[in-house]
Amino acid sequence: MSAAIERASFQILEREDFSDVTYSLVVHHPLMAKAARPGQFVIVMSHESGERIPLTIADFDRGKGTVTLVVQAVGKTTKEMQQTCKVGRALYALVGPMGLPSPIGHAKKVVCVGGGLGVAPVFPQARGFKQSGAYVIGVLGFRTEKLIFWRDKFSACCDELILCTDDGSVGLKGFVSDGIKLAIGRHNDIDEVVAIGPPLMMQACSEVTRPHSIKTIVSLNPIMVDGTGMCGGCRVKLGDQVKFACVDGADFDGHKVDFADLMMRLRRYAQEEKAAMQRWSDNCRMKEQVASGGHNAALAFPVPPPPATELLELPDPFEEVQGG
Ligand SMILES: Cc1cc2nc3c(=O)[nH]c(=O)nc-3n(C[C@H](O)[C@H](O)[C@H](O)COP(=O)(O)OP(=O)(O)OC[C@H]3O[C@@H](n4cnc5c(N)ncnc54)[C@H](O)[C@@H]3O)c2cc1C
Ligand code: FES
C-alpha cells in the first residue's frame, strides 16, 4: 500500500465538540475497526513531527470501518489537535490496537463507571458486557449538565443509568463513588465494577467496593512512550509487583494499584510539559501576528506578545471529576 493511500485511511470523517476542551474524532481505519476490542488504545501522531500520544478507542464500527477517539485538550499536543484535526484532514499515524482487551464475558451483573472524559473509554466495555448478556448498570459523572455527552449511547446498552453531577444540575448530586454506593444499595449481587477516569476518581471507586469485596477493574493512564513494553515509562505498581500498563494493561485490579505512585509519576514532566505548551503558544501567536500583518511581517512583530500565562489557561486533567 502506498504512503498516500495509507495516509488517506486515517482521514477524519466526523468531529463533535462536547465542550470547550473535549472533542471526538471519527477516523477512517477499517483494519483498526476490525481488530479493536474494548479496553484497547491507539498511539496517535497528528502530524509528521508531532508527539506520539496514547488515546483509548472509545468506539469502533466495523461496518463503517471507523474508530472514535474522544480527546480532552490538556496540553500542547491535545490542544494543537483541537485546532488542527478538522473533518477532511488525516492523522499522520495511528498505531494499534494496543494493550490487552478487557476480559468480558463472565460477569452477570456489572457496573460501568465513567468520570468526565473516562465516560468515553468505558463505553465499549458497557456495550461489550451488554452483548455478552450481562445486566449493565452505567454510572456516569460530570461536573455539570452541559458537559454530559453520549447519554443516548449509554441508555442503549445499560439496563440502568445513574447520572451524577457535582452541582446536582441533573441526576444524583455527588460523585460517581456515590453512584456506585447507590447501585450497591439496590443490588446485592454485583459481580464486577469497571471504573475509568482520573486516578483520584478510580482510587475512590476502588475504596467504595473494597469492603464489599466486589472485583474492581480500573484503566490506568501512566505516561507512555513506545507503547510496546520497551521503554519502561508506563511502569505501575500493584502491591509488590511492577507492571507495564501498555502491554500488561491498561486494565488492572483497582484494589491492588498504588495510586499515589501513579499520580506522582504522572506529574514527573510537569515543567517540560509547561515549557512545550508555552513554546507552542508563542509560536501560534507569532503566526497569528504575521497573518494579521499580511505580507509585511515587519509590521507584525513589533507588537509585544501578551503574557504567556493567558494562553496557558488549560484544565487540570485531575480536576475533571474531583476526588471521585
Ligand atoms: C492508555 C491511555 C489511554 C488514554 N486515553 C485517552 C483518551 O482517550 N483521551 C484523552 O484525552 N487522553 C487520553 N490519555 C491521556 C493522553 O495521552 C494525554 O492527555 C496526552 O498525552 C497529553 O498530551 P499533551 O501534550 O496534550 O499534554 P501534556 O502537557 O504533555 O500532558 C498533560 C498530562 O497528560 C499526561 N501525559 C502527557 N504525555 C503523556 C503520554 N505520552 N502518555 C500518557 N499520558 C501523558 C500527563 O499526566 C501530563 O501531566 C490516555 C493515556 C493513556 C496512557
Ligand atoms: S510505554 Fe514504554 S513500556 Fe509501556
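Predicted model: local features only at pLDDT ≥ 70, side-chain atom pairs only at ≥ 80, totals over all residues.
## Overall architecture

The protein contains 12 helices and 16 strands, and of its 324 residues 50% are buried. When contacts between residues at least 6 apart in sequence are considered, 66% of them join residues that are at least 24 apart. The accessible surface of the protein amounts to about 15,400 Å², and carbon and sulfur atoms account for 54% of that surface.

## The surroundings of ligand 1

Oxygen atoms of the ligand take part in several polar approaches: one is 2.8 Å from a polar backbone atom of Pro 54, a polar side-chain atom of Glu 51 lies 3.2 Å from an oxygen atom of ligand 1, and a polar backbone atom of Gly 75 is 3.3 Å from an oxygen atom of ligand 1. On its own, ligand 1 has 850 Å² of accessible area, and the protein covers 89% of this.

Apart from neighbours within four places in sequence, the contacts of Glu 80 are with Ser 46, His 47 and Trp 280.

## Nonpolar cores

In soluble globular proteins, nonpolar side chains tend to be buried together. In this model, the largest nonpolar core has 35 residues, and those with the most contacts inside it are Val 111, Val 113, Val 139, Leu 220 and Phe 259. Val 139, when neighbours within four places in sequence are left aside, is in contact with Val 111, Cys 112, Val 113, Gly 114, Ile 162, Cys 164, Val 176, Gly 179 and Ile 180. Another core, of 28 residues, lies apart from the largest one and includes Val 110, Val 119, Val 122 and Ala 126.

## Helix 7, an enclosed element

Helix 7 spans residues 199-209 and is largely enclosed by the rest of the structure, because 8 of its 11 residues are buried. The buried positions are Pro 199, Met 201, Met 202, Ala 204, Cys 205, Ser 206, Val 208 and Thr 209. These buried residues of helix 7 pack against strand 8 (109-115), helix 6 (176-186), strand 12 (192-196), strand 13 (215-219) and helix 9 (259-266).

## Met 98 in strand 7

Strand 7 (residues 93-98) contains Met 98, which is buried with a relative accessible area of 9%. Beyond its neighbours within four places in sequence, Met 98 is in contact with Gln 40, Phe 41, Val 42 and Ile 43, as well as with Asp 226, Gly 227 and Thr 228. Met 98 can also be placed relative to Gly 39: the two residues are 59 residues apart in sequence, while their C-alpha atoms are 9.1 Å apart in space.

Conventions: Residues numbered from 1 in each chain as written. Chains lettered and ligands numbered in written order. Heavy atoms only, no water. Polar contact = N/O pair within 3.5 Å; in protein donor to acceptor, adjacent residues only side chain to side chain. Areas by Shrake-Rupley, 256 points an atom, 1.4 Å probe, with all protein chains shown as cover. Contact = heavy atoms within 4.5 Å. Core = buried A, V, L, I, M, F, W, Y, C linked by side-chain atoms within 4.5 Å. Buried < 20%, exposed > 50% of the residue type's maximum accessible area, 1.4 Å probe, protein only. Helix = DSSP H or I, 4+ residues; strand = E, 2+ residues; numbered from the N terminus.
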